Amino acid sequence: MITFILSLLVLVMGYLVYGKIVERIFSPDDRPTPAVSKADGVDFIILPRWKIFMIQFLNIAGTGPIFGAIMGAKFGPSAYLWIVLGCIFAGAVHDYLSGMLSMRHGGEGLPELVGRYLGGRTKKVMLVFSVFMLMMVGAVFVYSPAIILGGMTGGGFTGILIWCAVIFIYYIIATMLPIDKIIGRIYPLFAISVLFMAVALMAVLFVKWPELPELTDGLGNMQPSLGNIFPCLFITIACGAISGFHATQSPLMARCVKHEKDGRPLFYGAMITEGIGALIWATISSYFFYGNGAEELGSTIAAQAPEVVVAVSEGWLGVFGGILAMLGVVAAPITSGDTALRSARLIVAEFIGIEQRSVRKRIYVCIPIFAVTMGLLYFNIADKDGFNIIWSYFGWANQTLAVFTLWTLTVYLALRKRAYIITLIPAVFMTVICSVFVVVSKDTMGLDMIYGYAVGAVALIVSLLLFFTWKRRVCAEKKG
């Protein structure tokens, strides 16, 4: 528990100290934001700051910071270091700057921003990559809450299918309607459920004060069967540390912020809050797997992430608390899924130049997006390994998206002669992580770690050479 408490304190200090440093580097000012200059009553609309925070938090807090933290805790205390350091120096920086950069460019989506700073070819790659990933999110975040709801209400497999249909219909409505009609009204209620879940479970942890593996026990891998800590831990725990998916969500709220100076609490702060949630679940899971938590809750150490969530919520919080906690676990993926498809609509519409004020034109853009998402959902349900396959590829795609975003932010800061080191280091690190993972993962190439290390070293050298060669050329052109 000492490691848990210290980690919480460091996260809060990270927001107060490093968050201010990042804000000072970006330098927000009083220029009109897209919510003011491009107001359309649909996607560009001023919302209250508290409501933006709640929506942003729910947009990024899907099952990732819960399930990812649970699975990541199996590696041991090293999970704490990644959540804390990743959140402060990578994830929160990534979320804040991607939101602010979108705000500076009229609310542009991620592919437009990437194309602006990394070139037109990269933009096209990012368009396909990000839209497909968002549709994977939509499919996964229909099925995972449907499983939980089906288990709570009974009905077996038929019940799960019914919940899939209900959730998907909700996605269609939420994606089509103006952002303040459904998302702006019900998200705060869902956010309260998610935050209640985190606070209540943390309170139980302090009451129990269990003996857990601490950082002083070492950073060794406590579950070698999951793969090497480097790179597997950094892919397993994504949303609780850094997630490229967040860069597709920040522009949604960048279109609703009235003042640039509100960005730090809304973007950086939301990510720190998610990191706290990930810490709580990682600590609970550590007790579950390496304390006597599983025995206490009548479960098994081999339980999967959803089973851990159900056992802990019902066992620790009773009937009422369990219902609220489970509502939070269900609400989190649903609210990430609908905004994922909303982001996909806006990205596609922006690329092909179709305005979204008209309902008819929104329908034109949505039809193919929903059709592909339904196809992925069918595969998810029909194939017994469908969920695991899609989730595995989503994990790698998610962190690869973060790589593109971090390099975009690094180029932006370098062009403006600001301290680009704050994004360069995480950009290089995540480039290496994703390169090594695609080589050693059993779901991709499945080669030995020696090849992964070699590829990682090449990725490190090549990425730095390309960046500094580009920077030297740009400086020479300006002098000329």
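## A helix tucked inside

Of the 20 residues in helix α17, 16 are buried, so this helix is largely enclosed by the rest of the structure. Here, buried means under 20% relative accessible area, exposed means over 50%, and partly exposed is in between (1.4 Å probe, protein chains only). Helices are DSSP runs of H or I with at least four residues, numbered from the N terminus.

Helix α17 covers residues 421–440, and at 1.5 Å a residue it should span 28 Å; its end C-alpha atoms are 29 Å apart, which agrees. That expected span is 1.5 Å times one less than the number of residues. Helix α10 (residues 229–236) is mostly covered too, with 6 of its 8 residues buried. Those buried residues are I229, P231, C232, L233, F234 and I235.

## What you're looking at

This is a predicted model, where local features need pLDDT of at least 70 and side-chain atom pairs count only at pLDDT 80 or more, while totals for chains, interfaces and linings use all residues. Residues are numbered from 1 along each chain as its sequence is written, and side-chain values use heavy atoms, with hydrogens and water left out.

## Salt bridges across the chain

There are 11 salt bridges in the structure, each being a side-chain nitrogen of Lys or Arg within 4 Å of a carboxyl oxygen of Asp or Glu. One of them joins E23 and R264, with the closest N and O atoms 3.4 Å apart. E23 sits in helix α1 and R264 in helix α12 (residues 263–290), so this pair ties together parts that are 241 residues apart in sequence. Both E23 and R264 are buried.

Next come some loops. R31 pairs with E260, their closest N and O atoms being 3.9 Å apart. R31 is in the loop between α1 and α2, and E260 is in the loop between α11 and α12, so the pair links parts 229 residues apart in sequence. R31 is partly exposed at 38% relative accessibility, whereas E260 is buried at 2%. Through shared partners, salt bridges join D29, R31, R104 and E260 into one network.

F206 lies in helix α9 (residues 183–208) and is partly exposed, at 35% relative accessible area.

Terms used:
Helices (H or I, at least four residues) and strands (E, at least two) are DSSP runs, numbered from the N terminus.
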